[in-house]
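Take a walk through this structure, one piece at a time.

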Amino acid sequence: MSTDRQQALFGYALRLGDTSLVLGHRLSEWCGHAPELEEDIALTNVALDLVGHARLLLSYAGEIEGKGRDEDRLAYRRDVFDYRNHLLAEQPNRDFGHTIVRQFLHDSWAVELYGRLAASADPTLAGIAAKAVKEVRYHVRHSADWLIRLGDGTDVSRARVADALERLWSYTGEMFERDAAEDTLVAAGIAPDPAELRTAWNTRVAAVLEEATLDRPTDGWMQKGGRRGEHSEHLGYLLAEMQFLPRAYPDAVW
Amino acid sequence: MPDAAGCWGPEPGADAAVTAAWDALATVMDPEIPVLSVVELGIVRSVARDASGRLAVTVTPTYSGCPATGVIVLEVETALARAGLDARVSVVIAPPWTTDWISDSGRARLAEVGIVPPPKSGKRALTAPDETVACPLCGSADTMQISRFGSTACKALHRCNACLEPFDVFKCH
């Protein structure tokens, strides 16, 4: 494998792995705090799946890099500016409606991504994606159902999810960015074309928002930078909690 | 895939050690659903000999984030060692596990303990609408889903409107 392609693949696996890990950690913060027991279990089940995807993707990233970094090393020994997740994933939970909107916007992207990545020319990514897509299909049904129920619900539930949509919309553009590294991977049949994902994402989101009787926010200024290590202030606090134990006790093992 | 009789096991003509390994694996119970062996659950992918002649056992996780995978690998290694077999155990994820790989005896055991087994039709998988399932306790068809996510990643929670009892349904995956 050429060095350029290898570097591009490492970056790609890292971005996907980091996005899964950060969002999985965010969802795990609901453990013991969700509005009802069933949702507590649901959100943490989704968190487990996402952390599972992160483990597979980060292990693979470490393997491609070839410098001896395993999944734990990548997850626990990198600081904010080395993380490559979408800014959407690191946004705080706020209320349940806000969490559901964030999840739906992400799930709608993930289901389109993994569905296509399952046919990747890279057999490891294809294997991870074929496994992940079965799980994220289930996730998106859950987040879409809740968005419809809250949007087409009471005045309070509607106001909260409408507010969350406005608040989070500017973080959605980043999911469809494409840089030189992705050009290489798309040309090699390894990664799907982000433009194709955007079209499919738009269709899915529009259909659910309509059923939820919510207006689609207009596309304006889009936040970006997460994929290059420029993050919002929220990620630092998340990593401080997630990385506490291995930072404080570097030799600790289970 | 399980064979025509819905069972997992050694290929016809497999040597004694491979057969002994399958027998040992049949005693390892899934830690989260301990009425099912890992063989019945369909997560033992293969038992074969590698290039050096050593036994190689591959297992597959049900869900990517299944927290039991590590424990299962450990228990598989322990059971093989107890049977006096020298084997290497590895985890593979492709092709992805499906509930179609749960053996017929596994389905029967799930039903016995009141967990509705998944229908055999992986293609419908998780995209199909939620199905109406009969109550495993009283048989009534008047049931409802309470939550898509149950006590483990692989189950959903339902309730019978006739006898009012809640019950687990193994998700078609």
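This is a predicted model. In chain B, strands β1(B) and β2(B), the latter spanning residues 55-59, pair in the antiparallel sense over five bridges. One of the paired positions is Arg49(B), whose bridge partner in β2(B) is Leu55(B). Strands of a sheet pair through backbone hydrogen bonds, either parallel or antiparallel.

Now widen the view. The pair belongs to an open sheet of three strands in chain B, in the order β1-β2-β3, with mixed pairing. β1 (44-49) and β3 (87-91) of chain B stand at the edges; each has a single partner strand, so one side of each is left without a neighbour in the sheet. From one strand to the next, the twist averages 20°.

Two helices come next. Helix α1 of chain B, residues 16-25, lies across β1, β2 and β3 of chain B and runs at about 155° to β1(B). Helix α2 of chain B, residues 69-82, also packs on the sheet, where it touches β2 and β3 of chain B. The direction of this α2 helix makes about 165° with that of β3(B).

Then look at where the chains meet. Here 18 residues of chain B are in contact with 20 residues of chain A. The chain B side has 12 nonpolar, five polar and one charged residues.

Domain 1 (16-101) and domain 2 (114-170) of chain B each supply at least three residues.

Terms used. Residues numbered from 1 in each chain as written. Chains lettered and ligands numbered in written order. Predicted model: local features only at pLDDT ≥ 70, side-chain atom pairs only at ≥ 80, totals over all residues. Pairing = 2+ DSSP bridges. Helix = DSSP H or I, 4+ residues; strand = E, 2+ residues; numbered from the N terminus. Axes fitted to C-alpha atoms, helices over the stretch in contact; angles between N-to-C directions. Contact = placed C-beta atoms within 7 Å. Nonpolar A, V, L, I, M, F, W, Y, C, P; charged D, E, K, R; others polar. Domains from an automatic or database assignment.
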